Structures are given as structure tokens and as C-alpha cells.
Amino acid sequence: MLTSTSEVYGDPLQHPQKETYWGNVNPIGERSCYDEGKRTAETLAMDYHRGDGVEVRIARIFNTYGPRMCLDDGRVVSNFVAQAIRKLPMTVYGDGKQTRSFQYVSDLVDGLVALMDGEHIGPFNLGNPGEFTMLELSEVVKETIDPSATIEFRPNTADDPHMRKPDISKAKELLNWEPKISLREGLPLMVGDFRQRILNEDEGKGA
């Protein structure tokens with residue numbers, strides 16, 4: 001199984017993104033090592049499948065969140081959650097109007113199991129089609145953690161995709177899979193875990 005990524009679509013000109021879309025990727029940009037690395041991995045997987053008969057499965061994973069993520073891994077959901085709990089401003093890059101789709105980790109696990117249990121190679125988009133701007137995500141985090149939380153705007157990062165939303169028609173049809181947990185249902189489960197670990201971290205510093 002190859003856990004690929006929605007980043008293979010780059011800054012997409014097609015919305016939502018289907019598996020048949022080849023993407024719009026800058027091959028020499030700051031994000032290229034990740035984007036092109038995953039695209040190369042898909043290429044190699046398919047070469048081994050066609051050339052040597054290796055059985056492969058390819059999942060293109062969209063933004064995923066849940067308990068036990070690293071507190072400071074740089075991902076937008078964990079960033080916002082950790083910052084709000086710590087009473088720090090939530091960092092929004094650019095104007096905050098870029099969109100992402102967020103799936104809860106158990107939905108992803110179910111999708112990966114369905115992929116491995118099935119007979120279809122893929123690639124399959126595994127993500128939640130619910131689409132949020134960064135500003136909308138920050139509002140959900142505020143509702144969940146602290147209504148008084150604030151936002152700090154910073155310059156956008158290079159080659160940051162403007163839109164990200166999976167078309168999961170293929171996974172629905174061939175894997176009988178679709179996500180069940182909405183952002184407003186899943187986020188509190190992540191927040192409870194983060195809150196406890198940040199509390200433990202603070203107590204450790206105090207000691």
C-alpha cells in the first residue's frame with residue numbers, strides 16, 4: 001500500500017479534484033520535494049505493478065486530524081488547536097480564504113482497510129468533501145476551545161494551494177466507503193487529547 005497525498009494535485013485548476021486529474025505542480029518550488037516525491041512514488045508503484053506484477057494499492061490522502069498528533073507538527077488543525085489551548089493567536093497565512101477538507105482519522109483508517117480488502121489498485125481519494133476556508137476553520141476551533149481566541153495573519157507560504165477538496169465518487173462506488181464524522185464532531189475528540197497533553201507539558205515545565 002502506498003499512502004500518497006492530495007498534494008499530487010498541486011495548486012489545482014480542477015475543483016473538486018478527481019483521480020483522473022494530473023495536477024498542477026511546480027517541479028522546482030519550495031514544496032516540490034514533497035509533491036513530486038509522492039508523484040514519483042506513485043509512478044514507481046505502477047511501474048512495479050506493470051513490469052513485475054507486484055500487487056499495489058494507492059491512496060491519495062487528504063488532510064487528516066485526530067488525537068495523538070504531534071502538538072507542533074506544523075499542520076493547520078494541530079497548529080490552531082494547540083495555539084488556542086495555549087492562549088496564543090492562531091496563525092493564518094495569507095488572507096485565510098484558501099480552502100482545505102478535513103477528515104477524522106478513523107474515517108481514513110476505514111478507507112485504507114477497505115482499499116486493502118478490495119481488488120482495485122487505485123489511486124483513490126480518501127478525504128472528507130466538507131470544504132472550509134482557513135478562517136472558517138479558525139471559527140470552528142474558537143467555538144470548540146475558546147470564543148475569545150484571536151487570529152494573527154502572516155505572509156502566505158510559497159505555492160500554497162488555493163483550493164483542496166476531494167471528489168470521492170470512485171471510493172464510494174468501488175470501495176463502498178465515505179467519511180462519517182464531520183469536523184464539528186471530530187474536533188472535540190482531538191481537543192480533549194491535546195488539552196490533556198498540553199496540561200501535562202505545562203505541569204512538567206512547572207516542576
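This is a predicted model: local features need pLDDT of at least 70, side-chain atom pairs count only at pLDDT 80 or more; totals for chains, interfaces and linings use all residues.
Rings of Phe, Tyr and Trp count as a pair if their centres lie within 6.5 Å. With that in hand: Tyr9, Tyr21 and Phe62 form one aromatic cluster.

The structure holds 4 aromatic pairs. One of them is Tyr9 with Tyr21, a stacked pair with 6.1 Å centre to centre and 20° between the planes. Tyr9 and Tyr21 both lie in the loop between β1 (2-5) and α1 (32-52), so the pair ties together parts that are 12 residues apart in sequence. Both tyrosines, Tyr9 and Tyr21, are buried.

Next, Tyr65 and Tyr104. Their ring centres are 5.5 Å apart and the planes are at 70°, so this pair is edge-to-face. Distant parts of the chain are linked here: Tyr65 belongs to strand β3 (residues 64-65) and Tyr104 to strand β6 (residues 103-104), 39 residues apart. Why does Tyr104 count as buried? Because its relative accessibility is 8%, and buried means under 20%. Tyr65 is buried too, with a relative accessible area of 1%.

The charged end of Lys170 sits over the ring of Phe124, 4.9 Å from the ring centre.

Now the other lysine. Where is Lys87 found? In the loop between α2 (76-85) and β4 (90-93). Lys87 counts as exposed, because its relative accessibility is 63%. Its side chain makes a polar contact of 3.1 Å with the side chain of Asp146. Lys87 and Ala149 are 62 residues apart in sequence, yet their C-alpha atoms are 6.9 Å apart in space.

Notes:
Residues are numbered from 1 along each chain as its sequence is written. Side-chain values use heavy atoms; hydrogens and water are left out. Helices (H or I, at least four residues) and strands (E, at least two) are DSSP runs, numbered from the N terminus. Buried means under 20% relative accessible area, exposed over 50%, partly exposed in between (1.4 Å probe, protein chains only). A polar contact is a pair of N or O atoms within 3.5 Å; within protein, one must be able to donate a hydrogen and the other to accept it, and residues adjacent in sequence count only if both atoms are side-chain atoms. Rings of Phe, Tyr and Trp (its six-membered ring) pair if their centres lie within 6.5 Å; planes under 30 degrees apart count as stacked, over 60 as edge-to-face and the rest as tilted. A charge sits over a ring if NZ of Lys or CZ of Arg is within 6 Å of the ring centre and within 35 degrees of the ring normal.
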